Amino acid sequence: MYKISRWFIGVLLTVGTSFLVGVIFILPQEMSFFKVSDIFLFVVSLVISLTFTIYGIYLFQMRRQGRHFYWDDEGIVVDLKGNKVYWHEIESISLSNYQGKKATLIYLHYTHHESIRVRFQKMWGTTAYSIDWFFIERGKAYHKGLMKRWEEQQKKKHFS
């Protein structure tokens, strides 16, 4: 079981509270004449700070509730809502290393896109799921374990 990274949650909360401190203490001193650009900057900074802070708090709550990424005999949990993609619905699993940002990509077989979309209650379907390594603790171990399990599932599939 791979939980949400404490480091990532800490970064979100730090950035959010830093922007919030800036909004509360710095910008009102600069807004002595209340120009439109000052008010716009104040509102944008407030939105940015609240977005980072609220998302950090949300992820912290998900971590405390025990929401995490894992796989079992049925399939792989691909999001914090607990939605699971079953082994027979997966076409391939690979590593993505785009500009230093590593992620595990789970590609779905095209015949299952619509059934997965309906099961997950999404408006639009997807062809793949990405689990970013910075988002979870021990991303490299997650990928290695998942690839090992995927190979076992492939062997079972071919011998059946």
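This is a predicted model: local features need pLDDT of at least 70, side-chain atom pairs count only at pLDDT 80 or more; totals for chains, interfaces and linings use all residues.

Reader: Where does W7 lie?

Author: W7 is part of helix α1, which covers residues 6-30.

Reader: And is W7 buried or exposed?

Author: W7 counts as exposed because its relative accessibility is 60%, and the cut-off for exposed is over 50%.

Reader: Nice. Switching to W150: buried or exposed?

Author: W150 is buried, as its relative accessible area is 8% and buried means under 20%. You'll find W150 in helix α4, residues 139-159.

Reader: What does W150 touch, leaving out residues up to four places away in sequence?

Author: With those left out, W150 touches W87, I90, E91, S92 and I93.

Reader: And how far is W150 from G75?

Author: In sequence, W150 and G75 are 75 residues apart, while in space their C-alpha atoms are 9.7 Å apart.

Reader: Let's talk rings. How many aromatic pairs are there?

Author: The count comes to nine aromatic pairs. One of them is Y2 with W71, whose ring centres are 5.8 Å apart with the planes at 20°, so this pair is stacked. The cut-off for stacked is planes under 30 degrees apart.

Reader: Which parts of the chain does the pair of Y2 and W71 tie together?

Author: Y2 sits in the segment before α1, and W71 sits in the loop between α2 (36-64) and β1 (75-77), so the pair ties together parts that are 69 residues apart in sequence. Both Y2 and W71 are buried.

Reader: What about Y55 and Y58, how are those rings arranged?

Author: Y55 and Y58 form a stacked aromatic pair, with 6.2 Å from centre to centre and 20° between the planes. Because Y55 and Y58 are three residues apart in helix α2, about one helical turn separates them.

Reader: How accessible are Y55 and Y58?

Author: Y55 is partly exposed at 35% relative accessible area, and Y58 is partly exposed too, at 34%.

Reader: Last one! Which residues do ring pairs link into a cluster?

Author: That cluster links F8, F69, F134 and F135 through ring pairs.

Note on methods. Residues are numbered from 1 along each chain as its sequence is written. Side-chain values use heavy atoms; hydrogens and water are left out. Helices (H or I, at least four residues) and strands (E, at least two) are DSSP runs, numbered from the N terminus. Buried means under 20% relative accessible area, exposed over 50%, partly exposed in between (1.4 Å probe, protein chains only). Contact means heavy atoms within 4.5 Å. Rings of Phe, Tyr and Trp (its six-membered ring) pair if their centres lie within 6.5 Å; planes under 30 degrees apart count as stacked, over 60 as edge-to-face and the rest as tilted.
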